[in-house]
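Take a moment to look over the sequence and the fold before reading on. This report walks through the model from its ligand shell to its helices and loops.

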Amino acid sequence: MKCVDDFRLRFGGRELVPIMIGGMGVDISTAELALEAARLGGVGHISDAMLPSVTDRLYKTRFVKEKLQQYKYNVENPDKSKVQFDLGHLAEATRLHVSRTMQAKRGEGMIFINCMEKLTMNAPRETLRVRLRGALDEGIDGITLAAGLHLGSFALIEDHPRFRDAKLGIIVSSLRALQLFLRKNAKLNRLPDFIVVEGPLAGGHLGFGMDWTQYDLRTIVAEIQRYLQAEKLDIPLIPAGGIFTGSDAVSYLETGSAAVQVATRFTVADECGIPKKVQQEYFKASEDDIEVNMLSPTGYPMRMLKNCPAIGSGIRPNCEAFGYILDANGNCSYIDAYNRELAAHPGARKISVQDKICLCTHMRNYDCWTCGHYTYRLKDTTHRNADGSYQILTAEQIFHDYQFSTDNKIALPAKA
Ligand SMILES: Cc1cc2nc3c(=O)[nH]c(=O)nc-3n(C[C@H](O)[C@H](O)[C@H](O)COP(=O)(O)O)c2cc1C
């Protein structure tokens with residue numbers, strides 16, 4: 001009976017434990033979590049989502065305050081097109097988070113950064129360019145392009161000195177998305193170093209419509225595998241979404257996948273950014289408590305716990321301070337939903353918005369509890385304490401369980 005440790009992910013001359021912890025914004029996949037994955041010989045991700053507000057909290061910068069001060073005059077204005085990010089500040093925030101993380105890195109593994117195209121930040125190309133280049137400048141081992149087709153992303157960094165040496169990959173949920181990406185980048189003569197194939201059971205935003213139940217990770221992986229073979233493209237494939245045990249991972253590694261990307265199990269790790277109280281909500285969740293909905297203003301379906309405070313909240317849009325979802329014209333569908341409710345309830349002290357959430361504010365405050373499909377199984381991965389709460393795990397315990405377990409078993413941690 002094989003375990004994950006019988007396999008290795010080969011990246012150039014390097015051999016890694018084939019476990020990648022996926023990027024989870026906003027600072028859910030913390031530097032500490034990513035550093036543990038690297039120390040244990042795998043790949044960890046930090047996320048570049050909302051980095052100016054993350055560095056304000058972690059390193060006492062003042063980017064959010066300064067942005068709000070600059071645009072305070074616009075707070076009551078529904079037109080947010082003027083609210084632009086200071087690209088210098090954005091670069092500084094990216095550089096700070098990446099450099100601090102890379103300086104702390106120990107062990108043989110790697111640290112990547114997850115870059116979501118859907119964070120359009122009122123200037124999609126310019127801001128993505130700064131984020132990608134800032135991460136490369138500070139020595140990130142690799143970049144995972146996420147939440148978007150990324151048809152122009154390689155071109156934004158093709159003249160960067162590390163364009164050919166950093167590991168660059170993309171997350172896709174269909175063969176079609178991969179084909180578009182490869183076709184668009186053919187002239188750069190630079191293939192991705194890895195492809196994460198994310199199925200419909202993943203956490204965060206999904207690369208499917210609300211018909212996500214019609215899709216299945218194994219089928220998509222097999223289809224992409226056949227395509228790469230036919231095209232004689234030797235690119236490591238990394239399935240993600242619903243891989244809950246070491247045995248689940250082995251079943252992919254035995255059929256030609258190079259590694260697996262996992263996240264949900266790590267949402268209840270001590271090193272994860274989700275506040276301890278909220279982690280208990282993840283443990284407690286039953287299957288019925290989890291839904292895929294269209295509340296995210298990105299337009300992608302998103303999976304979340306139904307009881308999270310973000311849902312139904314009618315908080316005033318905070319684009320002057322945040323504004324990460326504003327499109328190239330300063331629009332965000334939460335602003336429209338909020339203004340509609342405001343107009344329908346003149347004079348109301350508090351309003352509720354049911355059809356969209358203010359993603360920036362709620363992700364920043366850990367009030368949007370996005371999660372993977374198998375979150376309801378987390379309670380089976382640990383002990384129940386005497387007071388009814390669940391014992392938090394360490395990233396090392398979870399990583400080693402993936403690495404060494406067999407027979408679909410999950411090793412419970414030693415009792416705290
Ligand atoms: C809480 C949470 C937040 C996530 N946030 C992001 C994100 O910001 N960007 C992204 O590309 N994927 C995100 N994901 C997806 C993961 O990186 C990963 O690919 C997927 O969840 C793996 O499936 P699993 O959770 O079933 O192991 C998130 C997943 C979770 C559970």
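Which residues come nearest to the ligand? Of the 30 residues around the ligand, the nearest are Gly22, Ala146, Gly203, Gly204 and Gly372. Strand 5 (110-116) and strand 10 (260-262) are the elements that give two or more residues to this shell. A residue is near a molecule or strand when its C-beta atom, placed from the backbone, lies within 6 Å of it. Helices (H or I, at least four residues) and strands (E, at least two) are DSSP runs, numbered from the N terminus.

By class, the shell holds 15 nonpolar, 14 polar and 1 charged residues. Here Ala, Val, Leu, Ile, Met, Phe, Trp, Tyr, Cys and Pro count as nonpolar, Asp, Glu, Lys and Arg as charged, and the others, Gly among them, as polar.

This is a predicted model: local features need pLDDT of at least 70, side-chain atom pairs count only at pLDDT 80 or more, and totals for chains, interfaces and linings use all residues. Residues are numbered from 1 along each chain as its sequence is written.

**The whole protein**

The protein has 13 helices and 14 strands. Its radius of gyration is 21 Å, close to the 22 Å that the globule rule gives for 416 residues, so the protein is as compact as a globular protein of that length. That radius is taken over C-alpha atoms, and the rule is 2.2 Å times the number of residues to the power 0.38. Along the principal axes, the C-alpha atoms fill a box of roughly 65 × 60 × 40 Å.

Buried residues make up 50% of the 416 residues. A residue is buried if 20 or more other C-beta atoms lie within 10 Å of its own, exposed if 12 or fewer, and partly exposed in between, with C-beta atoms placed from the backbone. Of the contacts with a separation of 6 or more, 74% join residues 24 or more positions apart. Two residues are in contact if their C-beta atoms, placed from the backbone, lie within 7 Å.

An α-helix has 3.6 residues a turn, so residues three or four places apart point the same way. Now see how this looks in the model.

| Helix | Residues | Buried residues |
|---|---|---|
| Helix 7 | 175-185 | Leu178, Phe181, Asn185 |
| Helix 9 | 246-253 | Gly246, Ala249, Val250, Tyr252, Leu253 |
| Helix 11 | 333-344 | Tyr334, Ile335, Ala337, Tyr338 |

Start with helix 7. Leu178, Phe181 and Asn185 are buried there. Seen down the axis, they fall within an arc of 65°, so they line one face of helix 7. The arc is that of the directions from the helix axis to the C-beta atoms. The buried residues pack against helix 6, strand 7 (167-172), strand 8 (194-198) and helix 8 (217-230). The face turned away from the buried side carries the exposed residues Arg176 and Arg183.

Next comes helix 9. Its buried residues include Gly246 and Leu253.

Helix 11 is next. At 1.5 Å a residue, its 12 residues should span 16 Å, and its end C-alpha atoms are 17 Å apart, which agrees. The expected span is 1.5 Å times one less than the number of residues. Tyr334, Ile335, Ala337 and Tyr338 are buried in helix 11. These buried residues fall within an arc of 165° seen down the axis, so they line one face of helix 11. Strand 14 (352-353) is included in what covers them. Ala343 and Ala344 are exposed on the face turned away from the buried side.

Where does Asp27 lie? Asp27 is in the loop between strand 3 and helix 1. Its phi is positive, about 50°, although Asp27 is not a glycine. Asp27 is buried, with 25 other C-beta atoms within 10 Å. Val26 lies in the loop between strand 3 (19-21) and helix 1 (31-39). The peptide bond from Gly25 to Val26 is cis, with omega near 0°.

Met121 sits in the loop between strand 5 and helix 5 (124-137). Its phi is near 50°, a positive value in a residue other than glycine. Met121 counts as buried, with 24 C-beta neighbours inside 10 Å.
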